[in-house]
Each structure stands twice: as structure tokens, then as C-alpha cells.
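Dear colleague,

I am passing the structure below on to you, followed by my notes on what was found in it. Please read the notes with the coordinates open beside them.

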Amino acid sequence: MTMPTTEPETSAVLARILAHLPAAGASEDPLYLQLAGAMRQLIERGELRGGEALPSERVLVKATGLSRVTVRSAIDDLFRDGLIARRRGAGSYVSPHVDQPLSVLIGFTADMARRGAEARSIVLSKTTGLPDPEEMLKLGLSPSEPVLRLSRVRLSDNDPLAVEHAVVPLFAVGSADIGESLYETLKRNGYMPVRALQRLRSAIADKKEADLLRVVAGSPILHIERHSFLANGRAIEVTKSSYRGDRYDFIAELKLEP
């Protein structure tokens, strides 16, 4: 088989895909599933990394001898499962996944910075007011102690990853300009949380969430509620978030009880 001329990185990816394709007649699966399966294995094993460019449909057609419809069906199959992303005018890429350890308390901005990505936020709303009954209960506030409510879309390198709705006591942030990092403001004011409880549940994106996260309505997402505490045990933050299921993997290390 003659390898088509492509960029060196794409040529290497193509060679790996071809190496994982079943031999002719070795599989009873439809041809598009055989091609999708070869790429799926490489992605799930980490041999194709997040953000890595895939060969174009034209290159795959020429290299595999499959029809354009078959190749496109394979790409569509991976796209529906969130394993690849498309960029207009730039082809298909392996979806970048963020592995977030559940044992680490870290804000979004700091997390992206340590990964070499630029964090940015789109503020949806920023208001102050008296707490509702749920906020009073979770933050241990009296009815007269005001809170700050901050709703934002969190982006990494201009790619939306999460929608966050945070509530903190107003005294913890004061009149400071929060900027990109709520945790930096809390730390600067002496109210940095040191531990948190997180509750995760799977969900599907409604139209509003889908629009904000730039995904299709009905796409898998993770609803996460974080309840953070100071060193003295006082509650300082409640944040409810919707994370893109195709971009975030939350990792927990388990140990056998002695």
C-alpha cells in the first residue's frame, strides 16, 4: 500500500491506524466500524493523544481503499461518542481529555495553568443578596449575612469546559475584583478553603447548558456540587457545575482497607 504524502505527524498517526485495521475478511463488522474501532483502540489506549490531528477523509480513503461514505461514517461514529472533535477548516482532532484527580482541591484557573493551558471565563451573572434557605444551611449563614453569587462559563484555550454557579459569603470576597480566579480572591482575603466534599452525578445537557458548552443538546455531562471548608471547619463555598463529559475524566485512587 502506498502511503500518501501528508504532514509527518499525520503520517505517523495514519500508520498506526492502518496497523490496527483488521486484515481483510478477519472481521464480520461493517467496514466503517472496523475503521472506527481501530481509531477507538488507539484513543482509549492513549496512543493517540488529546489534540492530535487525524488524517483527513481524503487521506484515509486513499490509504485504506474504503469509500468516502465509509470513512465519513467511521468519523461520525467517533464524533458521536465524544472521542474526536471537529474544527471548521482544520479537520478532525482527538478530543482533549482533562484527568482531574478527586483527591486534589484546586481551582479551575490553577488547574489549567499547571497543564500549560490558558484559563478564561465568561461571566453570566454576578450578584449579591441575602441567602436563600439552602445557602444559609450549606454555608452556615444567618438570614442577614449577604452572599455573592457568581455564574461563569469556564474556558481552556477558548474551549468551554464547564458552567459554574458559585456562592460564597460576601465577607470572604468583599468588594474585590475577582478576576479569573475566585480561589485567588479567597486566598488573598484569608479565606482559602483547605478541604471540600464533591458530589458527582451523570446527566445530559439541556439546551441552555449545551449552548454554553458548545455541544449538542442531550450530550453527556457531569453535574458536580462542591462544598468547601476552611481549616477551622467553617463552610466557605458552594459551587454547582456542569462539566463536559467528553472532556473531563475524574480520577479516584482506591486503596484496600487494612
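Accessible areas here come from the Shrake-Rupley method with a 1.4 Å probe, and for residues only the protein chains shown count as cover. On that basis the accessible surface of the protein comes to about 14,400 Å², with 53% of it belonging to carbon and sulfur atoms.

This is a predicted model, in which local features need pLDDT of at least 70 and side-chain atom pairs count only at pLDDT 80 or more, while totals for chains, interfaces and linings use all residues. Residues are numbered from 1 along each chain as its sequence is written, and side-chain values use heavy atoms, with hydrogens and water left out.

Overall, the C-alpha trace spans about 75 × 50 × 30 Å along its principal axes, and of the 258 residues 41% are buried (under 20% relative accessible area, whereas exposed means over 50% and partly exposed lies in between, with a 1.4 Å probe and protein chains only). Taking a contact as heavy atoms within 4.5 Å, 58% of the contacts between residues at least 6 apart in sequence join residues at least 24 apart.

The protein has nine helices and ten strands, which are DSSP runs numbered from the N terminus (H or I of at least four residues for helices, E of at least two for strands). Six of the strands form an open sheet with antiparallel pairing, in the order 4-5-6-9-8-7, where two strands pair if DSSP finds at least two bridges between them. Strand 4 (119–129) and strand 7 (195–204) are the edge strands, each pairing on one side only. Strand 7 is joined by ten bridges to strand 8 (residues 220–229), to which it runs antiparallel, and the partner of Arg201 in strand 8 is His223.

Two residues may be worth a look in your viewer. Ser156, in strand 5 (residues 147–156), has a relative accessible area of 8% and is therefore classed as buried; leaving aside residues up to four places away in sequence, Ser156 touches Phe108, Met112, Ala117, Glu118 and Leu161. Arg214 lies in the loop between helix 9 (207–213) and strand 8, and its relative accessibility of 54% is why Arg214 counts as exposed. Most residues other than glycine have a negative phi, yet Arg214, which is not a glycine, has a positive phi of about 60 degrees.
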